[in-house]
Amino acid sequence: MSTLKNVLAKKIEEHRKRTTKLLVEYGDVKISEVTIAQAIGGMRGVKSLVTDISYLDPYEGIRFRGYTIQEVMEKLPKPEGKEYPYVEGFLYLLLTGDIPTKEQALEVVEDMRKRSQVPQYVFDMLRALPRDSHPMAMFSAAIVSMQRESVFAKAYSEGKLNKYNSWEYMYEDVLNLLAKLPQIGAFIYRLKYKGDTQIDPDPNLDFGGNFAYMMGIDPPYDEVARMYFILHSDHESGNVSAHATHLVASALSDAYYSLAAGINGLAGPLHGLANQEVLAWIQKFMEKFGGGVPTEEQLKQAVWDTLNSGQVIPGYGHAVLRKTDPRYTAQREYCLKYLPDYPLFQLVSKLYEVVPDILRQHGKAKNPWPNVDAQSGVIQWYYGLTEYDFYTVLFGIGRALGVLSNITWDRALGYPIERPKSVTTDMLEEFARQAQEAKENGHSA
Ligand code: NMX
Ligand code: MLT
């Protein structure tokens, strides 16, 4: 057994006791109540999911296994001479909660390399799709096309799965699937935008390094890839991609079906597609202003025009965060260090100066600050990746690390099928009537 799987098995054994104790001894302790506004309004703020992989504080932002972004980048082992950590070592952290040694991270690098060969039928299927298919549709199709490889589904059909061992089959699927994503992503990119001129993987490179290599983009893009995948990996459990993956996996669907569901959710413009929307939006108003560097007044005008036409400002706002997203800040710091004079970066920085005030004046968005998507396209553009339709695939490769770690733990802890209860509008009206009556009689409902 690999060190990662061994350590994970021990952690699972210890953790099961905590979950069982909570369920058996404290199962009826309340952690949340649901209002009518929450039931109608997308369940915002309802505490009803459990994950230990990451936690999102509205003011501090994300912590992965208790570590801030800065701590993750500092503490995890890195390839020789590089500033950003091995994605494989980060996966070790997400799965186990432990910072791996370099040796342990390299063991995962090696393990993933052995699992990385993409079946030929995936490439054939992608080539058969209309070339103008969205890269996210291609990515999702590629993932689900590999479902026949699932050892979890096979074990289920052979009657081998039970509550104690199912995580081991899930773990195998998760590593097999993750290992193939960089090549699938790069293949889609080069199929769509580089005339199907493909670059074979280099067996000596790590996850991030190989992705950059197969994309055909020179270093330091390998560093950007490592940074990007880590930053986008996980944002606790309630976001659309994580929740969709978890929900589908709760039916004992395998990792291929589950991740494809999460990727389909990530493809929505209010979620992961916002990174391409930011670039599309900027380009549109730049064109309108004749292509030069827009003045502050013109930027304010563009923001107001967008709001007045009933559109959202892409890359701004968040369902949970109430401050600038630290993932935005991490990418901004990269830009300040490596591309401070780049015009697109300066433009995005100017937007940071004008958008929050306007959103406050507009008075709708609860969070006027930028999220991860406001900054990510700038770096990609700088390194030559100007085909912004592709940006959400980058997000998706990163997101897979988090959501697949989560469903491994879902099976380890035996979480049941997810099935919340619905009510009708009549019932809500009746709840409202009772509350009103109680208020008039001086009681709380
Ligand atoms: N521009 C204009 N209006 C906004 C924005 C924004 N950036 N953000 C929120 N609002 C509006 C929102 O549409 C809603 O309007 P209405 O009452 O007319 O329905 C109102 O403000 C209240 O929304 P919130 O409660 O602040 O936000 P919510 O939790 O519903 O939605 C987002 C969160 C992220 C979907 C929303 O802020 C948004 O649409 N942002 C722009 C798209 C974006 O950047 N998405 C990426 C999020 C990060 N990610 O990668 O997933
Ligand atoms: C994410 O990374 O999933 C987004 O910031 C959306 C969210 O957390 O709701």
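In this predicted model, His271 reaches ligand 1 through its side chain, with a polar atom sitting 2.7 Å from an oxygen atom of the ligand. Gly315 puts a polar backbone atom 2.7 Å from an oxygen atom of ligand 1, while a backbone N or O atom of Ile313 lies 2.9 Å from a nitrogen atom of ligand 1. On its own, ligand 1 has 890 Å² of accessible area, and the protein covers 75% of that. The shell around the ligand counts 21 residues, with His271, Gly315, Tyr316, Lys366 and Asp373 the closest.

Turning to the helices, α4 (residues 87-96) and α5 (residues 102-114) have axes that come within 8 Å and cross at roughly 105°. An angle from 65 to 115 degrees counts as roughly perpendicular, so α4 and α5 are roughly perpendicular to each other. On the α4 side, the contact is made by Glu88, Gly89, Leu91 and Tyr92; α5 brings in Gln104, Ala105, Val108, Val109 and Met112. Of the residues in this contact of α4 with α5, 6 are nonpolar, 2 are polar and 1 is charged.

As for Ser253, this residue sits in the loop between α12 (240-249) and α13 (255-266). Setting aside neighbours within four places in sequence, Ser253 is in contact with Phe152, Met170, Val248 and Ser258. Glu13 is 240 residues away from Ser253 along the chain, and the C-alpha atoms of the two are separated by 23 Å.

Notes. Residues numbered from 1 in each chain as written. Chains lettered and ligands numbered in written order. Predicted model: local features only at pLDDT ≥ 70, side-chain atom pairs only at ≥ 80, totals over all residues. Heavy atoms only, no water. Near = heavy atom within 4 Å. Polar contact = N/O pair within 3.5 Å; in protein donor to acceptor, adjacent residues only side chain to side chain. Areas by Shrake-Rupley, 256 points an atom, 1.4 Å probe, with all protein chains shown as cover. Helix = DSSP H or I, 4+ residues; strand = E, 2+ residues; numbered from the N terminus. Contact = heavy atoms within 4.5 Å. Axes fitted to C-alpha atoms, helices over the stretch in contact; angles between N-to-C directions. Parallel < 35°, antiparallel > 145°, perpendicular 65-115°, else oblique. Nonpolar A, V, L, I, M, F, W, Y, C, P; charged D, E, K, R; others polar.
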